[in-house]
Amino acid sequence: MPSAFSVSSFPVSIPAVIMQTDWTEPWLLGLVVFHVLCLLLTCFSAQRYRLQFVFFLSLAALVYCAEYINEVAAMNWRSFSKYQYFDSRGMFISIVFSAPLLLNAVIIVIMWVCKTLNLMTELKKVQEKRRERRRRKEE
């Protein structure tokens with residue numbers, strides 16, 4: 001099988017990157033398992049705010065470091081991969097590494113917004129009950 005990505009003809013679209021990737025490589029399978037575990041941690045940490053906050057910061061740090069990871073992987077790809085996936089634009093690492101992490105981060109932010117809206121609703125209900133009690137006392 002020829003190189004999935006040659007330096008001169010690196011795919012420029014997301015579907016092309018996904019279709020031309022050899023998903024049977026062990027390190028890619030490990031990356032998929034890592035992303036599944038991250039998604040599970042995102043879902044199961046919903047009631048543990050500190051854990052979720054630390055996890056969110058970890059996701060952000062990993063995405064921030066993706067450029068450096070891409071550089072190191074581009075220099076050492078022969079030691080763990082059959083093909084050179086890591087280009088100077090970072091398209092591959094953005095799609096298979098950063099995008100799923102960012103998706104987890106967005107899910108966490110959505111959960112935080114929902115929790116905030118629920119708390120605001122509960123607070124408003126409590127305020128209304130207090131006003132009603134005060135109004136009854138004054139009558």
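I looked up the crossing of H3 (49-64) and H5 (91-138), and it is left-handed; that is, the near helix is turned anticlockwise from the far one by less than a right angle. Helices here are DSSP runs of H or I, at least four residues, numbered from the N terminus. The model is predicted: local features need pLDDT of at least 70, side-chain atom pairs count only at pLDDT 80 or more, and totals for chains, interfaces and linings use all residues. Residues are numbered from 1 along each chain, and side-chain values use heavy atoms, without hydrogens and water.

I noted an angle of about 150° between H3 and H5, with axes 9 Å apart. Axes are lines fitted to C-alpha atoms over the stretch in contact, and angles run from 0 to 180 degrees between N-to-C directions. The contact (heavy atoms within 4.5 Å) includes Phe53 and Phe56 of H3 and Leu101 and Trp112 of H5.

Next I checked H4. Ala66, Asn70 and Ala73 are buried, meaning under 20% relative accessible area with a 1.4 Å probe, protein chains only; exposed means over 50%, and partly exposed is in between. Why are they on the same side of H4? They cover an arc of only 70° around the axis, so they share that side; the arc is that of the directions from the helix axis to the C-beta atoms. These buried residues pack against H3 and H5. Exposed Glu67 and Met75 sit on the face turned away from the buried side.

Key
Helix = DSSP H or I, 4+ residues; strand = E, 2+ residues; numbered from the N terminus.
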